Amino acid sequence: MNKGIFITFEGPDGAGKTTIINMVTEQLENVLLTREPGGIDIAEQIRRVILARENTAMDPRTEALLYAAARRQHLMEKVKPALEEGIVVLCDRFVDSSLAYQGHARGLGIDEVLKINQFAIEDMMPDLTIYFDIEPELGLKRINKNKGREVNRLDLENLDFHHKVREGYAILMERFPNRIVKIDASDTLEKVFEKTIKLVIEKIEQKRPSV
Ligand SMILES: Nc1ncnc2c1ncn2[C@@H]1O[C@H](COP(=O)(O)OP(=O)(O)OP(=O)(O)O)[C@@H](O)[C@H]1O
Ligand SMILES: Cc1cn([C@H]2C[C@H](O)[C@@H](COP(=O)(O)O)O2)c(=O)[nH]c1=O
């Protein structure tokens with residue numbers, strides 16, 4: 001059994017996950033911050049292929065498989081060893097992104113995408129998933145205001161796609177009520193951070209009562 005704690009951050013584009021995960025990491029000691037797709041060299045290479053704006057010909061199943069391949073490598077090389085050492089791992093996106101984006105929004109089916117991901121992750125599911133819920137219009141507005149950020153192939157999908165992503169997450173909330181906790185990400189940064197750090201600390205204390 002893993003001694004560590006695996007916490008994932010999920011939500012539509014522009015919800016504020018990266019901002020909040022950075023703030024949480026600064027507050028806690030001995031946590032590993034990582035992201036998907038990416039986090040290690042091979043997975044970052046796969047990320048570049050998936051998100052390159054010129055790759056408009058990418059088939060949805062190819063896309064789903066590439067995300068799953070990046071996930072497997074990242075899990076084996078970075079996340080699993082850290083969990084075995086007892087570290088708290090905070091991951092910006094994980095399997096729920098594939099279920100919401102490829103499974104629901106791309107229309108491949110949540111169960112189909114879950115199947116290929118079960119092959120990739122075996123039984124390594126997060127202990128807690130914090131879902132940052134936001135209207136896609138507001139998320140995209142936030143992204144567009146952030147001039148320094150790369151605009152990737154997924155960001156360029158139409159508004160309908162981003163609505164389906166949010167709908168996908170709503171389905172996942174119903175399906176995994178014990179693992180996924182929703183936070184209203186349209187709130188101020190201070191409030192979103194306050195709620196997030198509370199959930200993270202509660203989970204750490206629950207799994208390590210002596211801390
Ligand atoms: N609660 C908030 N209120 C206002 N602006 C916010 C809030 N949270 C984040 N932002 C701003 O919104 C922009 C997007 O935030 P961030 O990159 O953290 O989102 P994200 O969920 O990681 O997006 P993506 O998944 O597309 O990478 C940033 O410019 C950030 O400063
Ligand atoms: C892990 C994962 C991600 N995506 C999408 C979600 C975003 O649009 C991009 C990643 O960019 P970010 O700035 O790091 O959020 O990829 C996906 O569709 N499926 C996945 O499994």
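Ligand 1 sits among 14 surrounding residues, with Asp 13, Gly 16, Thr 18, Thr 19 and Arg 142 the closest; a residue counts as near a molecule if its C-beta atom, placed from the backbone, lies within 6 Å of it. Helix H1 (17-27), helix H6 (136-145) and helix H8 (189-207) each give two or more residues to this shell, and H1 provides the largest share, three residues. Helices here are DSSP runs (H or I, at least four residues) and strands likewise (E, at least two), numbered from the N terminus. By type, the shell around ligand 1 splits into four nonpolar, seven polar and three charged residues (nonpolar: Ala, Val, Leu, Ile, Met, Phe, Trp, Tyr, Cys and Pro; charged: Asp, Glu, Lys and Arg; polar: the others, Gly among them).

This is a predicted model, in which local features need pLDDT of at least 70 and side-chain atom pairs count only at pLDDT 80 or more, while totals for chains, interfaces and linings use all residues. Residues are numbered from 1 along each chain as its sequence is written, with chains lettered from A and ligands numbered from 1 in the order in which they are written.

Turning to ligand 2, its surroundings include Asp 13, Arg 35, Glu 36, Tyr 67 and Arg 93. Helix H4 (residues 95-105) gives the most to that shell, four residues, and the shell divides into four nonpolar, four polar and four charged residues.

Back in helix H1, there is also Asn 22, which counts as exposed because it has 12 C-beta neighbours inside 10 Å (exposed means 12 or fewer other C-beta atoms within 10 Å, with C-beta atoms placed from the backbone). Asn 22 and Leu 33 are 11 residues apart in sequence, and their C-alpha atoms are 7.8 Å apart in space.

Methods: A residue is buried if 20 or more other C-beta atoms lie within 10 Å of its own, exposed if 12 or fewer, and partly exposed in between; C-beta atoms are placed from the backbone.
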